[in-house]
There are 2 protein chains.
Amino acid sequence: MELWYTEEHTENVRFGIKVKEYLYTKQSDFQRVDIFESYEFGRVLTLDGLMMVNEKDEFIYHDMITHVAMATNPDIKKVLVIGGGDGGTVREISRYLSVEQIDMVEIDELVVKSAIEYLQFTSSKLNDDRVNLYFEDGVKFVEGKEKIYDLIIVDSTDPIGPGEGLFTTEFYQNCYNALTDKGILVNQNESPYYNQNAKELVRANKKIKSIFPISEVYQYHMPTYPSGHWLFGFASKELHPIKDFDAKKWSSLGLKTKYYNTDIHVGAFALPNYVKEMIEND
Amino acid sequence: MELWYTEEHTENVRFGIKVKEYLYTKQSDFQRVDIFESYEFGRVLTLDGLMMVNEKDEFIYHDMITHVAMATNPDIKKVLVIGGGDGGTVREISRYLSVEQIDMVEIDELVVKSAIEYLQFTSSKLNDDRVNLYFEDGVKFVEGKEKIYDLIIVDSTDPIGPGEGLFTTEFYQNCYNALTDKGILVNQNESPYYNQNAKELVRANKKIKSIFPISEVYQYHMPTYPSGHWLFGFASKELHPIKDFDAKKWSSLGLKTKYYNTDIHVGAFALPNYVKEMIEND
C-alpha cells in the first residue's frame, strides 16, 4: 500500500508527498493536527491539512523569520513570538545570548504538545530558561501592552481559521504599541504567485504600511509551500533593514546558519517587478 | 471527468496540474512532446513528461536567463542560443536593438514547430530578421568555432536524454572557444534542493569553473520546476556580473520586465549558505 499526503495549492494545483508512517492525528478546539514521517522531508506537521513545518526545509523558514531582524538590531533583548507552536522560531532566537526574554503566545496548546513529542528538531529549545509559554490568543495578548518588546514575530498560519485575527489593522496597531522605540515587527506575509495568497499579501501589507514608518518585504525559497516563493514583512519604528544593518557586527557573533547569511540579508529585499507593483499600487 | 498532469519531482514528491484541454502529443526522434491547456498556468509544454514552459511563469525563467548577461554587457551583438525550442529566450534577446545576430540551435525541430503552432506567447519572435534557426545538435554546432559569439545561452532540459551532451567539459570548452574576449556563457544550472538536481548542479559547476576564469551562480523563483528554487550559471572570460554591471546603463534602455530589475540582478547572486557550500566544496 502507498500512502500519499496531498495538499491543494490552488483548486487546480496539487502537491503530493509519499508517507512512510502516519504518526499522529488529533482535533483541537482550533484545528486538526497531523504528524507523519515522509521519505523526502522527514517528519511533517500539518494543520487543517496544510503543510506547516517539516524536517527538510524548516531551516529556511526559521532562518529567515528570525535572523534578518536580529541582525538589523543585535541589541534586541525582549522578543515576543506569536504562533510558532512548533518551536523553530524560538530555537533560532534562543541562539542569541544577548536575548533575555522570549515570550511565546500560541493559541493552540496541542500544537506545542505534539511538537514536543514528535518534532524535537524544532521544539528543542522551548524549555530554555528565557522562554515563557502562553497558551492564549495572540491578538488579545498584545492588547494594551506598551513599549515592552524589541521584536515581535508573527509566525502564523494563513489568514483563515485561527490565524485570521493576526492579519487585522487593530492587531498591527497593538503590535506597534507593544514595541519599544527601536522595535521591529516581522510577519509571515504569504506568497505573491497564486492569486489567493497574493490577495492576502497585498491586504496585510497595506495595513502595516498605514501604521509603521518603515515597511519592507523580503523573500525566501520555501520548497514545500505553494509556489515556493514566500515573503516576510519587516516593519519598524526606526530601524531600516538595509541602511541600519551592520554585516560585520552580525558575523562577529559567529552563528552558523544553513540558509541565512549577510548577502542574503540584503539580496532578499530585491523583489521582482511584479511583486513590487503588487505592493506599491495598493 | 477530471484530467490531471502529474510530474514526479522526486520518486516521493508529486506535482499535479488540472488540465482544461489536451491539445497535442507527438513522439519525435528525441523525445515526446505534449501540449495542454491548464486552468492555473494556461498553455503548458512538457518534454518526456517534464514541465518545460507554461504561460504563467515563463516570464521568470526567460527574464533571468537573458537580462543578467545582457545587462552585464549591453554591447552584446552576436548571440547563440542552444536549445530553447519554445522561443522564449530568443523573444527576450530580440528586444535589444543593439543585438545584430541571434543563432538558435535546437536539436528537435518538432519542439519549434509545435511552439510556433501552440505557444505564440514564447515563439512570437522566431521570425525576427536577425534570427537564424538551426535544427542540429548544439554540441556539434559549437565545435571548432572561434571567438564568434558575445553570449552563448544554454537553454537546455535536464542532463538526461537529448540535453546530456550540454553538461560535458568538452562542450563547455568549445563554448569558451566560440566566445569573444568579453564573452559570457549562461547555462540552465538545475536546482540545489532535491538531491538528484543538486548532484547535476555541482557536477556542471565544477566543469565550468575549470575552464572559465569567472564562474558564478544566480537564483530565481520558478514555481513549476521542482522545489521552485532554480539556478543559472554565469561564466565569463572577463566580465564580472556584479563588478562590471552598470545598473543605470541598463535602465536607460527602457525595457519593461515583469521579474528582472537591477536590484534582482545583484540580489540573485546572494546564495544561501547550503548552496554556496555545495558549490565551493566540490
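Tutor: Let us look at the largest nonpolar core, which has 118 residues, and of these A:Met64, A:Leu151, A:Tyr220, B:Met64, B:Leu151 and B:Tyr220 touch the most other members. A nonpolar core is a set of buried Ala, Val, Leu, Ile, Met, Phe, Trp, Tyr and Cys residues joined through side-chain atoms within 4.5 Å, and buried means under 20% relative accessible area, with a 1.4 Å probe and protein chains only. This is a predicted model, in which local features need pLDDT of at least 70 and side-chain atom pairs count only at pLDDT 80 or more, while totals for chains, interfaces and linings use all residues. Side-chain values use heavy atoms, leaving out hydrogens and water, and residues are numbered from 1 along each chain as its sequence is written.

Leaving aside residues up to four places away in sequence, B:Leu151 touches, among others, B:Ala69, B:Met70, B:Ile76 and B:Val186, where contact means heavy atoms within 4.5 Å.

B:Met64 is the place where helix 1 of chain B bends by about 30°, the bend being the angle between axes fitted to the seven residues ending there and the seven starting there. This helix (a DSSP run of H or I, at least four residues, numbered from the N terminus) covers residues 58-72, and its 15 residues reach 22 Å from first C-alpha to last, close to the 21 Å expected at 1.5 Å a residue, that is, 1.5 Å times one less than its number of residues. Because 15 of the 15 residues of helix 1 of chain B are buried, the helix is largely enclosed by the rest of the structure.

How values were computed: Chains are lettered from A and ligands numbered from 1 in the order in which they are written. Helices (H or I, at least four residues) and strands (E, at least two) are DSSP runs, numbered from the N terminus. Buried means under 20% relative accessible area, exposed over 50%, partly exposed in between (1.4 Å probe, protein chains only).
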